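I opened this notebook to record what I looked up in the structure, entry by entry.

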Amino acid sequence: TIGIGGAASVFYVPSSADELAELIKYVSGAGEKLYILGAGSNVLLPDEGIKGVVLSLGGAFRRWVFDSDMVTAGASVFLQEFIGECSRKGLSGMEGLAGIPGTIGGAVAMNAGYRSVISDHLEEILLIDVSGKLRRVGKEEIEFGYRTSSILGNEIVLEASFCLERKTVREVGELVKKNLAEKAARQPLGSKTLGCVFKNPEGGVSAGKLIEDAGMKGKRSGEAVVSPVHANFIENRGGASSSDFRRLIEAVKRAVRNRFGIDLEEEIEIWE
């Protein structure tokens, strides 16, 4: 979504959960570093690429099953496909994910959302740990916070089950349209970005407002620019490097710290 980064030494797409388990065991035994890539929509990659194994769950985990108000979706199901199918069936609860170019697995792991979060309707998750062991857990066994969860860095989401609310197809469609319209008016959806770069700090003030008030809106490093539409987005205006992006992130953090005494925390993942 931002068009930045080099190649991976190894890129692997397992065809089943069993194959995934074998891969994880092999990589761990070989002492290689394993990277988990969903849609990559909030991941900044280094210009020189990744020395390690990049794992993408792919088509084997891109399925969903509806059972009345319950739906189970694979980790690599794209959010927009999922929302569309829920909307066509008159099932509400996922509309806050409209416009987010990610996958179910990544959204659950980072507790993504807009006005509401994906964990609000979560029932259980199928996970695989770093030893290749599968386990199914209820929502209550996972700690969810603002754009984070206890899953991150510890386990991989394979599928998630949700309990949704029955509404008319028209009602759900209108909610989706409303959220998309709000985002289109406030966010640079047509630009190459990684979504919101920083988490909103505690206290109710948004990161975007702090960045704008610190005078950083429109500032640039190379071809990376703090979006003039929404200051918590950084746009690739064409040919921006990972270094450009990182320098601008540090400049933004420094400006907000100097002006307000607040240390912004990245919402995106920065891979080394």
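Which residues are linked with Glu85 in a network of salt bridges? I looked this up in a predicted model, and found that Arg88 and Lys89 are linked with Glu85 in that network.

**Entry: salt bridges.** I then searched the whole structure, and the search returned 19 salt bridges. I kept in mind that side chains of opposite charge can pair when their charged atoms come close.

I looked at Glu159 and Arg136, whose side chains form a salt bridge with an N to O distance of 3.0 Å. Because Glu159 belongs to strand β14 (residues 155-163) and Arg136 to strand β11 (residues 134-138), this pair ties together parts that are 23 residues apart in sequence. I noted Glu159 as partly exposed, at 22% relative accessibility, and Arg136 as partly exposed as well, with a relative accessible area of 43%.

I turned next to Arg147 and Glu267, where the salt bridge has an N to O distance of 3.6 Å. Arg147 sits in the loop between β12 (144-145) and β13 (148-149), and Glu267 in the loop between α6 (242-260) and β19 (269-270), so the pair ties together parts that are 120 residues apart in sequence. I checked burial here too, and both Arg147 and Glu267 are buried.

My last pair was Arg247 and Asp244, joined by a salt bridge at 2.8 Å, N to O. These two residues are 3 apart in helix α6, and are therefore separated by about one helical turn. An α-helix has 3.6 residues a turn, so residues three or four places apart point the same way. I recorded Asp244 as buried, with a relative accessible area of 10%.

**Entry: positive phi.** I looked for residues other than glycine with a positive phi, and I noted Asn111, with phi near 55°, and Arg115, with phi near 75°. Asn111 is in the loop between α3 (104-109) and β8 (113-114), while Arg115 is in the loop between β8 and β9 (116-117). Are these two residues buried or exposed? I found that Asn111 is buried, with a relative accessible area of 4%, whereas Arg115 is exposed, with a relative accessible area of 64%.

**Entry: helix α4.** I compared the span of helix α4 (residues 169-186) with expectation: at 1.5 Å a residue its 18 residues should span 26 Å, and its end C-alpha atoms are 26 Å apart, which agrees. I listed the buried residues of α4 as Val172, Gly173, Val176, Asn179, Glu182 and Lys183. I then asked what they pack against, and the buried residues of α4 pack against α2 (79-88), β7 (91-92) and β8.

**Entry: the whole chain.** I counted 6 helices and 19 strands in the chain. A compact globule of 272 residues would have a radius of gyration near 19 Å, and the chain, at 19 Å, agrees with this. I put the box filled by the C-alpha atoms at roughly 50 × 50 × 30 Å along the principal axes. I found that buried residues make up 48% of the 272 residues. Among contacts between residues at least 6 apart in sequence, 65% join residues at least 24 apart.

Key. Residues are numbered from 1 along each chain as its sequence is written. This is a predicted model: local features need pLDDT of at least 70, side-chain atom pairs count only at pLDDT 80 or more; totals for chains, interfaces and linings use all residues. Side-chain values use heavy atoms; hydrogens and water are left out. A salt bridge is a side-chain nitrogen of Lys or Arg within 4 Å of a carboxyl oxygen of Asp or Glu. Helices (H or I, at least four residues) and strands (E, at least two) are DSSP runs, numbered from the N terminus. Buried means under 20% relative accessible area, exposed over 50%, partly exposed in between (1.4 Å probe, protein chains only). The expected span of a helix is 1.5 Å times one less than its number of residues. Contact means heavy atoms within 4.5 Å. The radius of gyration is taken over C-alpha atoms; the globule rule is 2.2 Å times the number of residues to the power 0.38.
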